[in-house]
Structure formats: structure tokens, C-alpha cells
Amino acid sequence: MKKLESSLLNMVLVLTGVAVIMGGVLAYVNHLTEGPINEQKAQALADGIKAVMVCDDLLVSKTDTVRQNDSKGKELTYIIYQTKDKQGKDLGAAVESTTGGFGGDLKVLVGFDPDGKILGYTLLEHAETPGLGAKADKWFQKGQKGDIIGKDPAVNKLGVTKGGEGEVDAITASTITSRAFLLAINNAYKAYKVTPVDAQTGATEQKH
């Protein structure tokens, strides 16, 4: 067999072949893992809804999407999971809300009772500094220094105490993250209140 000549063309052909093969392998692996990953995400969301609604025995009766423009004109999207118990009683809703934190997007899932009081929350995604901004997952929980559980955004001023913005203690050395978190909570409340409990599943557009 004639030895393959070492040339730029041959090297390019070999590298191209390797790239094509590796691309095919990666696509196949991605196809195999896509299903399990989506199942894990769905289960994590279901568990999160139960956690923030403080109820293990519930049904998501409707899912609605609300789009609002922020003060800078950027469109923000909120997902509202309206919930009921097995007897059909309205339990309120869990709302996905995203804002920009110190290190990147901060996505919160917050539960509201039918009157609009906060039942609980969990962080779905964040890119905050470990040990500082990342403390948001605990800092605002019941019994903690920044406790917001049981508060009504329509009554309580959910802003940081710094500068008289509100009545919530900011995370130590993480005022930016605290502001972003509380903005996500307030925006989630607004999205929840513009969504009728008996509305059909779909999208609600609101400009402000």
C-alpha cells in the first residue's frame, strides 16, 4: 500500500473527517440524553411548584404566559402555574420570574396564595458569587434576616432598607443581588395579578 503523503491537503482532509465523525457522535449522544434531561427538568419544576406552594397534594390547573416590558423597554416573560387542590379549591399560583443579577440572570419561582401573599420561593437559576449573592436561596426564607414569607407585595414595600427603598434587609455585601431578587418577586406578583384565575391557557401581553 502506498503511504499517504504528508501534505497540507491530506491533513485538512483527515481533520475534516475526524470533525464529521465526532460531530455525529456528539449528536447521537445528545439525542440519547435529551429525553432524560427534559424529564429531570420537568420533575424539578414539579417539585419546585409543590415547595413554593407549601403543598404536596396539588394540581396545576392552568399554565399562562405573561409578557411585560420593563422600564428600559426590554420584554420580560413570566410563566404562571395556577394551582388547585384535589377538591378543586384555588390554592393560588407559582410564578417564574427572571431579572438580571450581579453575575447574570436570576430566575425565581415564587408561590402566592389567592390573596397575593407570598407562600414560598426557590431559585431556579442564578450566576451569583458563591457565598455572597448565592445566599439568596436562604436569606429571604421564613425566620431569616430578610424574611419575605407571608408578606403581600401590594401592602409591604419589598425593597431593600438601604436608602429607604423598602423594608427588607439586603444580603450582606450583596445589595445588587438583593435588589434583583426583590424586583423578580415584585414583577412576579404583578404578572400573577393580571392573570385571571379562570383565564384560558395562553399569553397575556401587557405594556408599561
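In the predicted model, Val-54 sits in the loop that joins α1 to β1 (59-69). Val-54 is not a glycine, yet its phi is positive, at about 55°. Most residues other than glycine have a negative phi. The relative accessible area of Val-54 is 59%, and the residue therefore counts as exposed, the cut-off being over 50%. A second case occurs in the loop between α2 and α3, where Ala-173 is placed. Ala-173, likewise a residue other than glycine, has a positive phi near 65°. With a relative accessible area of 69%, Ala-173 is exposed.

The protein contains 3 helices and 6 strands. Read from the N terminus, these elements follow the order α-β-β-β-β-β-α-α-β. Buried residues make up 37% of the 208 residues of the protein.

Helix α3 (residues 175-193) comprises 19 residues. The distance from its first C-alpha to its last is 27 Å, close to the 27 Å expected at 1.5 Å a residue. Most of α3 is covered, with 14 of its 19 residues buried. An α-helix has 3.6 residues a turn, so residues three or four places apart point the same way.

The largest nonpolar core has 31 residues. Within this core, the residues that touch the most other members are Val-108, Val-110, Phe-140, Ile-148 and Phe-181. Two or more residues of the core come from each of β2 (75-84), β3 (90-100), β4, β5, α2 (136-139) and α3. Helix α3 gives the largest share, 8 residues.

Aromatic pairs number 4 in the structure. One of them joins Phe-112 and Tyr-192, whose rings are stacked, with 5.5 Å from centre to centre and 10° between the planes.

Strand β5 (118-125) includes Leu-119. The relative accessibility of Leu-119 is 26%, and the residue therefore counts as partly exposed, lying between the cut-offs of 20% and 50%. Leu-119 and Gln-141 are 22 residues apart along the chain, and their C-alpha atoms are separated by 9.9 Å.

Strand β5 also takes part in the second largest pocket, to whose lining α1 (8-53) and β5 each supply at least two residues. The space in this pocket amounts to about 160 Å³. Its lining consists of Lys-41, Ala-44, Leu-45, Glu-96, Lys-107, Leu-124 and Glu-125. Helix α1 provides the largest share of the lining, 3 residues.

Terms used. Residues are numbered from 1 along each chain as its sequence is written. This is a predicted model: local features need pLDDT of at least 70, side-chain atom pairs count only at pLDDT 80 or more; totals for chains, interfaces and linings use all residues. Side-chain values use heavy atoms; hydrogens and water are left out. On a 1 Å grid over the protein atoms alone, a cavity is a set of points where a 1.4 Å probe fits but cannot get out, and a pocket is an open set with protein on both sides within 12 Å along at least five of seven lines; lining residues have an atom within 4 Å of a point. Grid points are joined across faces, edges and corners, and a volume is the space filled by probe spheres set on the points. Helices (H or I, at least four residues) and strands (E, at least two) are DSSP runs, numbered from the N terminus. Rings of Phe, Tyr and Trp (its six-membered ring) pair if their centres lie within 6.5 Å; planes under 30 degrees apart count as stacked, over 60 as edge-to-face and the rest as tilted. The expected span of a helix is 1.5 Å times one less than its number of residues. Buried means under 20% relative accessible area, exposed over 50%, partly exposed in between (1.4 Å probe, protein chains only). A nonpolar core is a set of buried Ala, Val, Leu, Ile, Met, Phe, Trp, Tyr and Cys residues joined through side-chain atoms within 4.5 Å.
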